[in-house]
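Hi everyone, thanks for coming. Have the sequence and the picture open, and let's walk through this one together.

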Amino acid sequence: MLVSDSAIRRLNRDFRAKDQPTDVLSFPQLEEHGEVPPSANSVATNAPPLTLGDVVISIDTARRQACELDQSVADRIRTLLIHGLLHLLGYDHERSKAEARRMFAREHELAAMLDRDD
């Protein structure tokens with residue numbers, strides 16, 4: 001979902017106890033039921049689609065960040081979407097410095113793959 005800063009602030013406050021807007025939030029569906037997201041290698045190609053959860057992006061924050069980073073809003077939203085999806089897959093940059101490096105490396109790798117397809 002693309003939402004305003006005020007909407008994402010409410011979500012951030014209600015679900016993370018942080019009363020401030022943020023750029024992206026992820027709400028995993030599988031973790032709620034005690035399940036672990038599967039690795040891409042373990043999902044059969046003929047398996048039904050798997051709902052990982054929801055990603056919420058603040059369009060207001062994305063616009064500001066795009067301006068600060070001198071990139072298009074679409075590119076910034078794409079980066080935030082990748083970031084949110086990685087969280088749904090179990091990555092967490094807040095867990096440790098090593099995990100942050102792993103997550104951001106994967107984020108850059110996926111963005112580069114999409115750039116090649118453009």
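This is a predicted model: local features need pLDDT of at least 70, side-chain atom pairs count only at pLDDT 80 or more; totals for chains, interfaces and linings use all residues.

Residues are numbered from 1 along each chain as its sequence is written, and side-chain values use heavy atoms, with hydrogens and water left out.

So, the overview. The protein chain has four helices and three strands. Those elements are DSSP runs numbered from the N terminus, with helices being H or I of at least four residues and strands being E of at least two. Reading along the sequence, you get β-α-β-β-α-α-α.

How much of the protein chain is buried? Of its 118 residues, 32% are. Buried means under 20% relative accessible area, exposed means over 50%, and partly exposed is in between, using a 1.4 Å probe and protein chains only. The chain exposes about 7900 Å², and carbon and sulfur atoms supply 52% of that. Those areas come from the Shrake-Rupley method with a 1.4 Å probe, and for residues only the protein chains shown count as cover.

Now contacts, meaning heavy atoms within 4.5 Å. Take the contacts between residues at least 6 apart in sequence: 55% of them join residues at least 24 apart.

On to the helix pair. Helix H2, residues 59-69, packs on helix H3, residues 73-88, at an angle of about 115 degrees, and their axes are 8 Å apart. The axes are lines fitted to C-alpha atoms, for helices over the stretch in contact, and angles run from 0 to 180 degrees between N-to-C directions. Who makes the contact? From H2 it's Ile-59, Ala-62, Arg-63, Gln-65, Ala-66 and Leu-69, and from H3 it's Val-73, Arg-76, Ile-77 and Leu-80.

Let's zoom in on Ala-66, which sits in H2. Why do we call Ala-66 buried? Because its relative accessibility is 2%. Ala-66 and Ile-77 are 11 residues apart in sequence, and their C-alpha atoms are 8.6 Å apart in space. Not counting residues up to four places away in sequence, Ala-66 touches Gln-71, Ser-72, Val-73 and Arg-76.

Between H2 and H3 there's a loop holding Asp-70. Asp-70 has a positive phi of about 55 degrees, although it is not a glycine. With 74% relative accessibility, Asp-70 counts as exposed. Just after H3, Gly-90 also takes a positive phi, about 105 degrees.

There's another one at Ala-17, in the loop between H1 and strand E2. Ala-17 isn't a glycine either, and its phi is positive at about 60 degrees. Ala-17 is exposed, at 70% relative accessibility.

Last stop: Ser-58 and Asp-5. Ser-58 lies in strand E3, residues 53-58, and at 0% relative accessibility it counts as buried. Asp-5 is in helix H1, residues 5-16, and Asp-5 is buried too, at 14%. Leaving aside neighbours within four places in sequence, Asp-5 is in contact with Pro-21, Ser-58, Asp-60, Thr-61 and Arg-64. Asp-5 and Pro-21 are 16 residues apart in sequence, yet 5.4 Å apart in space, C-alpha to C-alpha.
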